[in-house]
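The sequence and structure are shown first.

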Amino acid sequence: MEHTKYARLLRAAAPLGALLLMLFRAVSLKIALDEAGLLPLGSPVLALTLLLCAAVGCCLWLLSLRLNRLPGREDCFSDGPAVLALRLAAGAAVFFGALLPLLEEHGELDRAEQVICWAGMASGLALVWLGAAPAPFRKRWCFWLRMPVSVYSVAALILRFQDWSHDPLVIHFTPLLLCWSCCMVEMMLLSGYSLGAGHRRSGALFGLLTGVFACMALPDQFFGQSSGLPELLTTLGLALWCAAAGFDLLRSPVQTEQPAPKPEPEAAPAPEAQALPEEKSE
């Protein structure tokens with residue numbers, strides 16, 4: 001079917017887009033920044049970065065427009081061993097990424113940062129439970145387990161904006177900004193699947209974009225631009241969860257599903273036979 005064809009194209013386009021952005025990011029950090037980590041005056045690298053991100057995003061968006069439009073349900077997500085392993089790894093990464101700042105002896109976290117770390121640990125445990133719980137339990141409680149993760153993604157993005165506002169170079173945090181923004185949207189969209197009102201096209205799109213921009217942020221870890229291991233674990237954990245959900249929605253059974261047939265209207269009752277007029281008595 002047509003939906004399946006475009007799902008296959010998305011499965012190929014997303015990794016290619018991630019590889020392209022990751023290579024471009026690595027080259028940019030290697031040759032475009034000076035010794036102080038600053039862009040030379042008039043450098044086109046930031047504009048090229050934003051244009052390339054927009055091009056990859058538009059390509060995935062155009063392909064996702066041809067996916068199945070039926071409302072999404074929890075049945076759209078598989079329970080295979082590989083998917084289970086990815087979910088457990090994602091939840092564990094989020095948990096330990098939030099735990100590590102609390103265990104560090106040097107530097108004290110302010111109250112907002114402590115709350116975010118505790119919320120991240122709760123979100124990691126919720127993701128682990130979502131991945132490991134039996135299907136009947138998950139379908140019943142998934143909305144309430146996804147809610148802490150959605151709230152955490154919003155709060156963590158706001159807290160990161162506080163730090164990014166002190167950085168005059170947008171190029172430093174562009175991949176993380178795009179990744180966390182897509183993650184926030186994806187986690188909110190996933191909550192709708194537990195209510196039988198999920199959006200398959202948007203769920204696939206933002207899940208894939210979260211993974212693509214997370215891959216783009218990987219070179220920062222090797223060129224000294226990363227915020228450290230906790231940031232890396234948290235970002236990759238949430239990106240892995242969202243990307244796994246996005247690829248799950250591209251499976252053939254999800255894309256080939258047909259709308260349920262409408263019930264046929266009941267046949268109207270046959271009109272009663274008209275009574276014959278009574279014969280006149282003689």
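## Packing of helices 3 and 4

At what angle do helix 3 (residues 81-103) and helix 4 (residues 111-132) pack, and how far apart are their axes? In this predicted model, the angle is about 165° and the axes lie 8 Å apart. Because angles over 145 degrees count as roughly antiparallel, helix 3 and helix 4 are assigned to that class. The crossing of helix 3 with helix 4 is left-handed.

On the helix 3 side, the contact comprises Leu84, Arg87, Leu88, Gly91, Ala92, Val94, Phe95, Ala98, Leu99, Pro101 and Leu102. Their counterparts in helix 4 are Cys117, Trp118, Gly120, Met121, Gly124, Leu125, Leu127, Val128, Gly131 and Ala132. Classified by residue type, the contact of helix 3 with helix 4 has 16 nonpolar, four polar and one charged residues.

## Packing of helices 2 and 6

Helix 2 (residues 45-64) and helix 6 (residues 170-191) have axes that come within 10 Å and cross at roughly 15°. Helix 2 is therefore roughly parallel to helix 6. The handedness of this crossing is right-handed.

Helix 2 contributes Val45, Leu46, Thr49, Leu50 and Cys53 to the contact, while helix 6 contributes Val170, Ile171, Thr174 and Leu178. By class, seven nonpolar and two polar residues make up the contact of helix 2 with helix 6, with no charged residues.

## Cysteines

How many disulfides does a search of the whole structure find? The search returns zero. For Cys59, the closest cysteine sulfur is that of Cys58, at 8.9 Å, which is too far for a bond. Cys59 is partly exposed, because its relative accessibility is 39%.

Cys183 is likewise in no disulfide. The nearest cysteine sulfur to that of Cys183 belongs to Cys242 and is 4.0 Å away, whereas a disulfide requires sulfur atoms within 2.5 Å. With a relative accessible area of 1%, Cys183 is buried.

Ser191 is located in helix 6. Is Ser191 buried or exposed? Its relative accessibility is 11%, so Ser191 counts as buried. The cut-off behind this assignment is a relative accessible area under 20%.

When neighbours within four places in sequence are left aside, Ser191 is in contact with Phe143, Arg146 and Ser150.

Technical notes. Residues are numbered from 1 along each chain as its sequence is written. This is a predicted model: local features need pLDDT of at least 70, side-chain atom pairs count only at pLDDT 80 or more; totals for chains, interfaces and linings use all residues. Side-chain values use heavy atoms; hydrogens and water are left out. Axes are lines fitted to C-alpha atoms, for helices over the stretch in contact, and angles run from 0 to 180 degrees between N-to-C directions. Helices (H or I, at least four residues) and strands (E, at least two) are DSSP runs, numbered from the N terminus. Angles under 35 degrees count as roughly parallel, over 145 as roughly antiparallel, 65 to 115 as roughly perpendicular and the rest as oblique. A crossing is left-handed if the near helix is turned anticlockwise from the far one by less than a right angle, and right-handed if clockwise. Contact means heavy atoms within 4.5 Å. Ala, Val, Leu, Ile, Met, Phe, Trp, Tyr, Cys and Pro count as nonpolar, Asp, Glu, Lys and Arg as charged, and the others, Gly among them, as polar. Buried means under 20% relative accessible area, exposed over 50%, partly exposed in between (1.4 Å probe, protein chains only).
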